[in-house]
Amino acid sequence: MAEIIRRNLDEAFANACAYSEVVAAGDWVYVNFCVGNVGGSVEEQVHGALDNLEARLALVNLTLQSVVKVDVLMRDPWNIPAMEKVFAQRFQGVYPARKTIATEFAHKGGADGLQVQLDAIAYRGE
């Protein structure tokens, strides 16, 4: 059986919240709760979330090009076009499968705070 690897950018935060930011199991890598630039515009938050995703993927030597599936959680689904614009810039035509879910976030800042969160699955097989 292949080893399951768990990694965190911030061990203290992840341990306090009782989850792993990155779990590599065989050829698959699962990354959760990617956020960034909270309080900024939707575009800034999508860029921030993708920056956070890239940093977490780097823990297991992967890049955005390895991502095969993304779940995007958004406070306002009417902001999907802004998210798609950023995805087009960052994924440069190598797009993952994607699902977008509208949700309220239990996060500091309320409606003016967190707007976007990403969860992703990447492939690291040969």
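## Strands β3 and β6

In β6, Ala 122 is the bridge partner of Val 29. Strands β3 and β6 run antiparallel and are joined by 5 bridges. Helices and strands here are DSSP runs, numbered from the N terminus: H or I of at least four residues for helices, E of at least two for strands. Two strands pair if DSSP finds at least two bridges between them.

This is a predicted model, in which local features need pLDDT of at least 70, side-chain atom pairs count only at pLDDT 80 or more, and totals for chains, interfaces and linings use all residues. Residues are numbered from 1 along each chain as its sequence is written, and side-chain values use heavy atoms, with hydrogens and water left out.

## The sheet

The open sheet has 6 strands in the order β1-β2-β3-β6-β4-β5, with mixed pairing. β1 (4–7) and β5 (97–102) stand at the edges with a single partner strand each, so one side of each is left without a neighbour in the sheet. On average, neighbouring strands of this sheet are turned by 10° against each other, direction ignored. Axes are lines fitted to C-alpha atoms, for helices over the stretch in contact; angles run from 0 to 180 degrees between N-to-C directions.

Strands β2 (residues 22–25) and β3 (residues 28–34) run antiparallel, with 4 bridges. Here Ala 24 has Val 29 of β3 as its bridge partner. β4 and β6 are also antiparallel, joined by 7 bridges. Asp 71 has its bridge partner in β6, at Asp 119.

Helix α2 (residues 42–58) lies across β2, β3, β4 (67–74) and β6 (116–123). The helix runs at about 140° to β3. Contact means heavy atoms within 4.5 Å. Leaving aside neighbours within four places in sequence, Leu 53 is in contact with Val 31, Cys 34, Leu 64, Val 67 and Ala 120.

The largest nonpolar core has 28 residues. Such a core is a set of buried Ala, Val, Leu, Ile, Met, Phe, Trp, Tyr and Cys residues joined through side-chain atoms within 4.5 Å. Leu 50, Leu 53, Phe 87 and Leu 118 have the most contacts inside this core. Two or more residues each come from β2, β3, α2, β4, α3 (80–91) and β6. α2 gives the largest share, 6 residues.

## Helix α3

The 12 residues of α3 should span 16 Å at 1.5 Å a residue, and the end C-alpha atoms are 16 Å apart, which agrees. The expected span is 1.5 Å times one less than the number of residues.

Buried means under 20% relative accessible area, exposed over 50%, and partly exposed in between (1.4 Å probe, protein chains only). Ala 82, Met 83, Val 86, Phe 87, Arg 90 and Phe 91 are the buried residues of α3. They cover an arc of only 145° around the axis, which puts them on the same side of α3. The arc is that of the directions from the helix axis to the C-beta atoms. These buried residues pack against α2, β4, β5 and β6. Pro 81 and Lys 85, on the other side of α3, are exposed.

Tyr 95 sits in the loop between α3 and β5. At 52% relative accessibility, Tyr 95 counts as exposed. Leaving aside neighbours within four places in sequence, Tyr 95 is in contact with Phe 87 and Ala 88. Tyr 95 and Leu 62 are 33 residues apart in sequence and, C-alpha to C-alpha, 15 Å apart in space.
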